[in-house]
Amino acid sequence: MPEAVVSTVSAIDEIIQGLSNHPAYISPKFFYDAHGSDLFSQITSLPEYYLTRTENAIMNEQGDAIKREAGAVSTLIELGAGNCRKAQALCALLQPQRFVPLDISEEYLLEATADFREKLPGLAVYPVASDLTQAIILPTHIPPERRLVFYPGSSIGNFDPPHAANLLRRVRALLDDDGALLIGVDLVKDVDVLEAAYNDAAGVTAAFNLNVLQHVNAIIGSDFSDDDWRHVAFFNPAHSRIEMHLESVGETVVHWPEGERRFAAGERIHSENSYKYLINDFINLLAENGFGRSKVWTDAQNWLAIVLAHP
Ligand code: AVI
């Protein structure tokens, strides 16, 4: 397995830069320590979080059509693989020779791939710890032909449009002309449905958001206390995105070895954007970034789309 792409030194600089900014921000990639990945896995089964079950239903219903459209696949590459559960079904359907799951949380990924190997023993699995905001580096022995990049869960929505465009171009560069991208994208819908998905009654999304502070403490040696912060999530129609923030309950000062940041009561740290697309805008984004022919499947409510895009 190659070295983890995530460099701790740049993570420290990146976090301190975000905390020192006005307004402060933390990149959502720091949600995914082992506990954060586990909390995200819990989110995917919440009744309010329609994304995963809607995507799974489309995948199940359209399996034959996806197989026909994708053709023969030699390597399935999953971006942001997490618990690798979605790829299990896809590998069973498409029968690739190898599976290359990429995820930022190395510990979580290694556990998930051990489970994966038990369930699909005939498949070669090459996990890669990888931060998708950086260069995507695959093991050199992975053949370039007939690759299918699988990017489910609308994780593309966690990139703002220029960074989403950049990621699509980098995905395109991983593919020969016979490759393809299979991507899930969450669509614009009723605000109440959107906001409920990020403010679940059980408080798992709040715990997921707050957990980033503990991960930041572990990386930069800061002294964030969960009790000083509360979870905030709302739809911002001007940007067509759910925004998640951590809001300071009272005035608080956060320290780290070579600095500190004072937060007023009610001041926020922006921790995530989750863009919701109109399907035509998303197809245009694909077309502008190296993908020509696309096939789209959606659910009956048009809540989420799965797109198979060819170079
Ligand atoms: C991973 N990503 C697509 C999730 C989303 O919906 O934007 C992360 C998440 N944040 C809060 N709940 C789930």
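Me: Hi! Where is S105 found?
Reply: In this predicted model, S105 is in the loop that links β3 (98-103) and α6 (106-119).

Me: Is S105 buried or exposed?
Reply: S105 counts as buried, because its relative accessibility is 4%, and buried means under 20%.

Me: Okay, and what does the side chain of S105 reach?
Reply: The backbone oxygen of Y32, at 3.5 Å.

Me: Which residues is S105 in contact with, leaving aside neighbours within four places in sequence?
Reply: Those are Y32, D33, A34 and S37.

Me: Switching to α9: how many of its residues are buried?
Reply: 13 of the 17 residues in α9 are buried, so the rest of the structure largely encloses this helix.

Me: What span should α9 have, and how far apart are its end C-alpha atoms?
Reply: Helix α9 covers residues 204-220, and at 1.5 Å a residue it should span 24 Å. Its end C-alpha atoms lie 25 Å apart, which agrees.

Me: Nice. What comes just after α9?
Reply: G221, with a positive phi of about 75 degrees.

Me: Now the strands. How many residues of β8 are buried?
Reply: Six of the eight residues in β8 (residues 229-236) are buried, leaving the strand mostly covered.

Me: And how many bridges join β8 to β9?
Reply: Eight, with β8 and β9 (residues 241-248) running antiparallel. One of the pairs is V232 with H245 in β9.

Me: What sits between β8 and β9?
Reply: Four residues, as the two strands form a hairpin. In the turn, S240 has a positive phi of about 50 degrees.

Note on methods: Residues numbered from 1 in each chain as written. Predicted model: local features only at pLDDT ≥ 70, side-chain atom pairs only at ≥ 80, totals over all residues. Heavy atoms only, no water. Buried < 20%, exposed > 50% of the residue type's maximum accessible area, 1.4 Å probe, protein only. Polar contact = N/O pair within 3.5 Å; in protein donor to acceptor, adjacent residues only side chain to side chain. Contact = heavy atoms within 4.5 Å. Pairing = 2+ DSSP bridges. Expected span 1.5 Å × (residues − 1).
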